[in-house]
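I opened this entry to keep track of what I looked up, in the order I looked. The coordinates come first, then my notes.

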Amino acid sequence: MFVAYATSMRIPSYAVTFLLPLLALSQPVSGDELRCLATTGMIGDLVKAVVGDRGSVEVLMSPGVDPHLYQPTRSDLAKVLAADVIFYNGLHLEGRMDEAFARAQESGRSVCAVAEQLPKQSLLHDAEDPEAHDPHVWMDPKSWRMVLFAIRDRFVLLDPDGRAAYEFNTNSYLKNLEALDVYASEVLQSVPAEVRVLVTAHDAFGYFGKRFEFEVIGLQGISTESEASVQDVNRLVNLLVQRKIPAIFVESTVPEKGIRALIEGAKAQGHTVKIGGSLYSDAMGDAGTWSGTYLGMIDHNVTTIARALGGEAPQGGWRATKSSLSPGSSP
Ligand SMILES: [Zn+2]
């Protein structure tokens, strides 16, 4: 009935499932609840959605934290060893924590590297190290769906009595994830083909580019551990000028210095490039805000990119369309 209403009102297809519950909130710990630990907010959001009231979820890395450089504290290590189940990205995203996860596994914790559960053929290689894979899987909502399933399967394994709840929670979240993916495809396809180039501070958007047909260029490599060289800056400035790219993007977890150098360089050659906005790459926005959720982070990125590069996206993004359909259901 809702679909019929949506069709008669000419509401875009991505808006149809907006009435579904968005996020399950974590609950306080009780004796038999699963104590879950997630490294990044993006993983934590899926874990909270799937576990619902059968567990509590703690997220190690706060908004704005760069996971590539994250050095665990003594209290983090204690949390890792106290959790029943640990979800981390893997593919060396949390490069300085690998040893702690290995120790947790040896001590009998359930440890799941979520991005490493994806089929190998769906992973991108790191251009600088062909042996390694690009860890930024969350940038493509379709790939992130597989992570949602991996989390569900791990919970079913650990707590078979909760199977029905885990499956229900997963399907509820999945509907929103799929609707967001449809929205993203539609608004990004409206960006003119000749400027479908995404220039960002570091190479976090490879999966985004593959999924939405954008050429993606990061000033730094896949990890933020190495700095961009003068040659890198000059090469990118020339590209911006030649292709007449109107906007480039800063990232919330990476200093703006390099991106500013590109803008100055292009200006010296007579081409004006603006900062198209700040994107969430390796961490979500502040807790309690829309961009502090996985869905909100992707909505923000997609809408910001589409609007800055001359595409058509509703002001306020996917969420604004949702609120107009269903006041009160916004998270
Ligand atoms: Zn990164």
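**Core**

I started with the largest nonpolar core, which has 65 residues; Trp 144, Phe 155, Leu 188, Phe 208 and Tyr 294 touch the most other members. I note here that the model is predicted. At least two residues each come from β1, α2 (41-51), β3, α5 (141-158), α6 (163-189), α7 (206-212), β9 (247-251) and α10. Helix α6 gives the largest share, 10 residues. A general reminder for myself: nonpolar side chains in soluble globular proteins tend to be buried together.

**Gly 209**

I then looked up Gly 209, which sits in helix α7. Is Gly 209 buried or exposed? Its relative accessibility is 6%, so I count Gly 209 as buried. I listed the contacts of Gly 209, leaving out residues up to four places away in sequence, and found Phe 214 and Val 216.

**Sheet**

I traced an open sheet of 4 strands in the order β2-β1-β3-β4, with parallel pairing. From one strand to the next the twist averages 20°.

I went through two of the pairings. Strands β1 (residues 34-38) and β3 (residues 85-88) run parallel and share 3 bridges. In that region Leu 37 faces Ile 86 of β3. Helix α4 (residues 98-106) packs on the sheet, where it touches β3 and β4. The direction of α4 makes about 150° with that of β3. Between β3 and β4 I found 4 bridges, again in the parallel sense. Tyr 88 has Ala 113 in β4 as its bridge partner.

Which way do the β4 side chains point? Ser 110 and Cys 112 go one way, Val 111 and Ala 113 the other, and all are buried. Side chains alternate between the two faces of the sheet in a regular strand.

**Zinc site**

Which residues coordinate the zinc ion? I found His 68 (NE2), His 136 (NE2), His 202 (NE2) and Asp 282 (OD), at 1.9 to 2.1 Å. I checked the geometry next. The 4 donor atoms subtend angles of 92 to 131° around the zinc ion, so the arrangement is tetrahedral. Along the sequence the donor residues follow the spacing H-x67-H-x65-H-x79-D. His 68 and Asp 282 are 214 residues apart and link distant parts of the chain. His 68 is in the loop between β2 and α3 (74-82), while Asp 282 is in the loop between β10 (274-279) and α10 (294-308).

I looked up burial for both. His 68 counts as buried because its relative accessibility is 4%. Asp 282 is buried too, at a relative accessible area of 2%.

**Positive phi**

Leu 91 has phi near 55°. It lies in the loop between β3 and α4. At 9% relative accessibility, Leu 91 is counted as buried. Lys 244 has a positive phi of about 55°. Its place is the loop between α8 (230-243) and β9. Lys 244 counts as exposed, since its relative accessibility is 62%.

Terms used:
Residues are numbered from 1 along each chain as its sequence is written. This is a predicted model: local features need pLDDT of at least 70, side-chain atom pairs count only at pLDDT 80 or more; totals for chains, interfaces and linings use all residues. Side-chain values use heavy atoms; hydrogens and water are left out. Two strands pair if DSSP finds at least two bridges between them. Axes are lines fitted to C-alpha atoms, for helices over the stretch in contact, and angles run from 0 to 180 degrees between N-to-C directions. Contact means heavy atoms within 4.5 Å. Donors are N, O and S atoms within 2.8 Å of the metal (3.2 Å for Na, K and Ca); water is not among the atoms, so sites may look incomplete. Four donors count as tetrahedral if all angles lie between 85 and 135 degrees; four count as square planar and six as octahedral if opposite donors are over 155 degrees apart and all others between 65 and 115; anything else is irregular. Buried means under 20% relative accessible area, exposed over 50%, partly exposed in between (1.4 Å probe, protein chains only). A nonpolar core is a set of buried Ala, Val, Leu, Ile, Met, Phe, Trp, Tyr and Cys residues joined through side-chain atoms within 4.5 Å.
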